[in-house]
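Visitor: Could you walk me through this protein model, one step at a time?
Guide: Gladly! Have a look at it first, and then ask away.

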Amino acid sequence: MKLRVARLLSVIVLCAVMALEGCMPTTPPSLSRHENIIPPTRTLVNSDGQTVEHNWLELPDISGKSESQKFVTHYTTIGGKRVRNYSMLFDTEHRVALWVAYPLHQCYLGTTARTNAWDWDPKFSESVQPQVAYGSFGNPYQRGHQIPSADRLVSYEANAQTFYVTNQTAQNGTLNGNMWADLEGWVRTKICKDTLYVVTGCVVPPTGGERRREATVPQAYFKALLRTQNGSWGVYASDDNATCIAFWVENKSNTSQVSSKQAMSVADLEDRLGYELFPAISRRIKEQFTPSRWALK
């Protein structure tokens with residue numbers, strides 16, 4: 001009996017911590033066979049030269065980043081607590097975010113109207129940002145969000161930060177308004193109590209390539225998702241319980257429906273990108289490709 005009480009107390013404490021870090025509910029779930037394996041703490045240096053320690057599961061490995069690539073995190077306030085809104089690796093030469101990583105949970109959604117608050121990102125000089133604060137990239141491209149506006153409707157501040165121009169890329173307008181928008185909506189249907197971790201990014205040519213408003217036009221986009229299989233175990237995602245999936249979409253006109261045709265394993269996506277996603281999860285788990293777990297046909 002004492003052991004069961006001790007285990008229940010440990011779950012209550014852990015869920016309280018996760019509620020702050022990933023906006024999980026503080027109501028303790030029933031105990032299961034899945035262990036609460038706390039993700040390892042990682043140390044990163046942001047664009048301000050500050051050392052940041054965290055155990056955020058959504059962040060890719062940035063050990064191989066170049067001098068022109070800057071890691072930043074934007075924060076917002078939810079329920080009186082300061083929490084992460086999203087992080088990005090921004091390339092000041094190409095003037096695009098190579099990836100934007102963020103937790104997705106019900107607590108980040110809400111009823112705030114889309115702000116359309118297009119603006120410069122205060123963490124960077126305007127001279128290294130895409131020049132689209134007052135207009136778009138020009139046909140056939142639109143200002144395509146990497147973290148969607150609709151993923152951050154909890155407050156004006158949280159939503160306005162998604163309109164920083166560093167979160168925008170020159171995305172084919174037909175893709176942006178059709179297949180990509182459908183994919184963003186589909187991702188929101190996978191929100192769970194245990195938190196869904198998302199990485200959205202783009203791929204640019206290493207040299208050359210078309211430029212619009214000083215920014216390189218991406219060749220393709222990707223999304224990678226991580227969560228627990230059940231979604232409501234009250235534990236962090238780990239090798240013991242995780243499932244993940246990825247998507248790859250060329251930056252061209254696309255009106256198709258979201259399906260397994262655009263999907264792949266996270267391991268296959270890592271091979272294309274040349275860097276690691278979800279470093280706390282083993283390659284063995286990321287090699288698994290099970291669209292049925294995501295109700296994907």
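Visitor: How many bridges join strand 12 to strand 13?
Guide: Keep in mind that this is a predicted model. Strand 12 covers residues 242-250, and it runs antiparallel to strand 13. The number of bridges joining strand 12 to strand 13 is two.

Visitor: Which residue is the bridge partner of F247 in strand 13?
Guide: Strand 13 spans residues 263-264. In that strand, F247 has as its bridge partner A263.

Visitor: What is the order of the strands in the open sheet of seven strands?
Guide: The pairing in this sheet is antiparallel. Strand 3 (69-78) and strand 13 are its edge strands, each pairing on one side only. Read across the sheet, the order is 3-4-5-8-11-12-13.

Visitor: What angle does the direction of helix 5 make with that of strand 12?
Guide: Helix 5 is made of residues 266-273 and packs on the sheet. Helix 5 touches strand 8, strand 11, strand 12 and strand 13. With the direction of strand 12, its own direction makes an angle of about 45°.

Visitor: And helix 4: to which strand does it run at about 10°?
Guide: Helix 4, residues 179-188, lies across strand 5, strand 8, strand 11 and strand 12. The strand to which helix 4 runs at about 10° is strand 11.

Visitor: What is the volume of the largest pocket?
Guide: Its lining has 18 residues, with Q69, L98, L273, G274 and Y275 the closest to its centre. By class, the lining has 10 nonpolar, five polar and three charged residues. The volume of this pocket is about 320 Å³.

Visitor: Which elements give two or more residues to the lining of the second largest pocket?
Guide: That pocket holds about 260 Å³ of space. Among its 14 lining residues, R114, R143, H145, N176 and E184 lie nearest the centre. The elements giving two or more residues are strand 6 and helix 4.

Visitor: Is A295 buried or exposed?
Guide: A295 sits in the segment after helix 6 (283-286). Its phi is positive, about 50°, although A295 is not a glycine. The relative accessible area of A295 is 59%, and the cut-off is over 50%, so A295 counts as exposed.

Visitor: Which peptide bond is cis, with omega near 5°?
Guide: Most peptide bonds are trans. Here, P140 lies in the loop between strand 5 (96-104) and strand 6 (141-145). The cis bond is the one from N139 to P140.

Notes
Residues numbered from 1 in each chain as written. Predicted model: local features only at pLDDT ≥ 70, side-chain atom pairs only at ≥ 80, totals over all residues. Heavy atoms only, no water. Helix = DSSP H or I, 4+ residues; strand = E, 2+ residues; numbered from the N terminus. Buried < 20%, exposed > 50% of the residue type's maximum accessible area, 1.4 Å probe, protein only. Pairing = 2+ DSSP bridges. Contact = heavy atoms within 4.5 Å. Axes fitted to C-alpha atoms, helices over the stretch in contact; angles between N-to-C directions. 1 Å grid on protein atoms, 1.4 Å probe; cavity = no way out; pocket = protein on both sides within 12 Å on 5 of 7 lines; lining within 4 Å. Points joined across faces, edges and corners; volume = space filled by probe spheres on them. Nonpolar A, V, L, I, M, F, W, Y, C, P; charged D, E, K, R; others polar.
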